[in-house]
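Please look over the sequence and the structure that follow.

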Amino acid sequence: MSVEKHTSSFEEKTPSIERDVVVHAEPVSPSVEERRLVRKLDWRIMPIACIMYLFAYLDRSNLGNARLQGLPQDTLHGDPTGVLFDWVNSAFFFSYIICQVPATILSKLFPPRIWLGCATVGWGLCSVLMSTAFNFPGLLVARIGLGVFEAGFGPGIPLYMSFFYTKEEMGMRMAYWFGFAAVAGAFGGLIAFGIQHVHAAIANWKLLFIVEGVPTVLIGLLSMVILPNRPEETSMLNEKERELALERVNRGIRADVGRTITTSHIYAALKDWRIYAAGVLYFGANCALASISAFLPTIITTFGYTNALAQLLTVPPYAVAAVYLCLTSYTSDRLQSRGIFIAAASALAGIGYVLLLTVPSNNHVRYFATFCITSGTYTTIGVIIAWFAHNLGSETKKATGIPMYMAIGQCGSILGSHLYPKTDGPRYIRGFAVTCALQFVAALAALVLTISYRIENKRRDRKYGKPVPDAPVDTSELADQAPMFRYTP
């Protein structure tokens, strides 16, 4: 482990390549060996990573289902105004925001599978402990602990996957991974619907936390065995595969060697205006995501359905969101363009809120609006994670920049948790209006970012010439400001 001013050279691991050669060339199609390696990585990484996020999201968002199963009556003295529930819901985000940046930077100094596995075990235990809470402070402490441990996982996964996947592959992998948040929404509704009809010795909401928390602990322990460490460290790869994996991770950038932190890149991330613009974009999306995950069952009950049926009707919007996210990510991967798709998805979510605001009596239209909101919101977040996984130039800048914009964005989650008090029901005009406006602000931020990236790429092409596609670029000094580095717009 080491913390350095600049990371060491990668010359001993990869052949020497002239970085500033101006050549117009087409990307080389993947070899048979490379496709075989990617399949091997997919089978080893993607299933466990997706299941981990499924339970991360279940444990984070099951509060909305527990609300309909009697949690406020048992622990919050009925909570007639809904304010106490809002604070329990948002407590998670306070610790999640504060811990994201330091946790992700520190994660570079530890074996990834141990770091991610311990984080998973930690939040699983916090979820189980929520079932033992009997008052407001108990719920608050458990939710804060949940945020601390999930902060070591959420931003860490995009960084971890960038050790293995190229920018042409990240979009779909992030879609599969984040798509499990949408699957969790659907799955969580089914679990809650089933538990609603269980006649157990303990309250249904307590059983919900136990059923969704215990498997998380087991999955965390399993991930410490299954997930590979960095390409240069893992025993999963033979020497030929390791050489190819290292060549892949150095396409278009120069990867760090071993567990190092480049302090100059931390400061570069703190001064990068595009990370803050991404934070504004992420803020709007997370405001919608937090409110829709916690309050969708409650919102659907305002359509006139029973609590049990409302739990079941939350499933289709999440299922459609997962499909829409995967289709959009596949297209953005093929075109290597992200900003336009994010702007379109944010606008779609905004249109959903417009429908909720302007059509108060037609439940079919209002239910359709929830499909627009979930599809647009989940797609925005899934694609932006892939966008910035390769647009920051170096591992340390990614380890700083990714949790930075996520932390800014999670402030939107806190806002979203307070926009739907019971006293505003059944129309929830204030909540819908604020979130609607934020979706269109997010769309504007995405357009600003994609235009700025395109302008900067053209400026560098004119000044330095077009780089060889996929050739290593020395980003050890300047990160994404290296002359031959090109952004994905």
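Helix H5 and helix H9 cross in a left-handed way. A crossing is left-handed if the near helix is turned anticlockwise from the far one by less than a right angle, and right-handed if clockwise. The model is predicted, so that local features need pLDDT of at least 70 and side-chain atom pairs count only at pLDDT 80 or more, while totals for chains, interfaces and linings use all residues. Residues are numbered from 1 along each chain as its sequence is written, and side-chain values use heavy atoms, with hydrogens and water left out. Helices (H or I, at least four residues) and strands (E, at least two) are DSSP runs, numbered from the N terminus.

H5 covers residues 112–130 and H9 covers residues 204–226; their axes come within 7 Å and cross at roughly 165 degrees. Here axes are lines fitted to C-alpha atoms, for helices over the stretch in contact, and angles run from 0 to 180 degrees between N-to-C directions. H5 and H9 are therefore roughly antiparallel to each other. Angles under 35 degrees count as roughly parallel, over 145 as roughly antiparallel, 65 to 115 as roughly perpendicular and the rest as oblique. Residues that make the contact include Arg113, Gly117, Val121 and Trp123 of H5, and Trp205, Phe209, Gly213 and Val217 of H9. Contact means heavy atoms within 4.5 Å. By class, the contact of H5 with H9 has 14 nonpolar, eight polar and one charged residues. In this count Ala, Val, Leu, Ile, Met, Phe, Trp, Tyr, Cys and Pro are nonpolar, Asp, Glu, Lys and Arg are charged, and the others, Gly among them, are polar.

The next pair is H14 (residues 315–335) and H16 (residues 363–389), which pack at an angle of about 40 degrees with their axes 8 Å apart. H14 and H16 are therefore oblique to each other, and their crossing is right-handed. Among the residues in contact are Pro316, Tyr324 and Thr328 of H14, and Tyr367, Phe371 and Tyr378 of H16. The contact of H14 with H16 holds eleven nonpolar, eight polar and no charged residues.

H16 also meets helix H18 (residues 429–464), and the axes of H16 and H18 come within 12 Å and cross at roughly 35 degrees. This crossing of H16 with H18 is left-handed. On the H16 side the residues are Arg366, Thr377, Trp387 and Phe388, and they meet Phe432, Gln439, Ala446, Leu449, Thr450 and Tyr453 in H18. The contact of H16 with H18 divides into six nonpolar, three polar and one charged residues.

Is Gly376 buried or exposed? Gly376 is buried, with a relative accessible area of 0%. Buried means under 20% relative accessible area, exposed over 50%, and partly exposed in between (1.4 Å probe, protein chains only). Leaving aside neighbours within four places in sequence, Gly376 is in contact with Ala345, Ser346, Leu348 and Ala349. The C-alpha atoms of Gly376 and Leu289 are separated by 9.8 Å, although the two residues are 87 residues apart along the chain.

The largest nonpolar core has 131 residues, of which Phe153, Met161, Trp177, Phe178, Ile384, Ile385 and Tyr405 touch the most other members. A nonpolar core is a set of buried Ala, Val, Leu, Ile, Met, Phe, Trp, Tyr and Cys residues joined through side-chain atoms within 4.5 Å. Beyond the neighbours within four places in sequence, Tyr405 is in contact with Ile275, Ala278, Gly279, Tyr282, Ile384, Ile385 and Phe388.

Some loop residues remain. Thr314 lies in the loop between helix H13 (307–313) and H14, and at 3% relative accessibility Thr314 counts as buried. Not counting residues up to four places away in sequence, Thr314 touches Gly185, Gly189, Leu296, Pro297 and Ile300.

Most residues other than glycine have a negative phi. Asp79, which is not a glycine, has a positive phi of about 45 degrees. Asp79 lies in the loop between helix H3 (71–75) and helix H4 (83–107), and counts as buried at 3% relative accessibility. Gln336, also not a glycine, has a positive phi of about 50 degrees. Gln336 is found in the loop between H14 and helix H15 (339–358), and is buried, with a relative accessible area of 18%.
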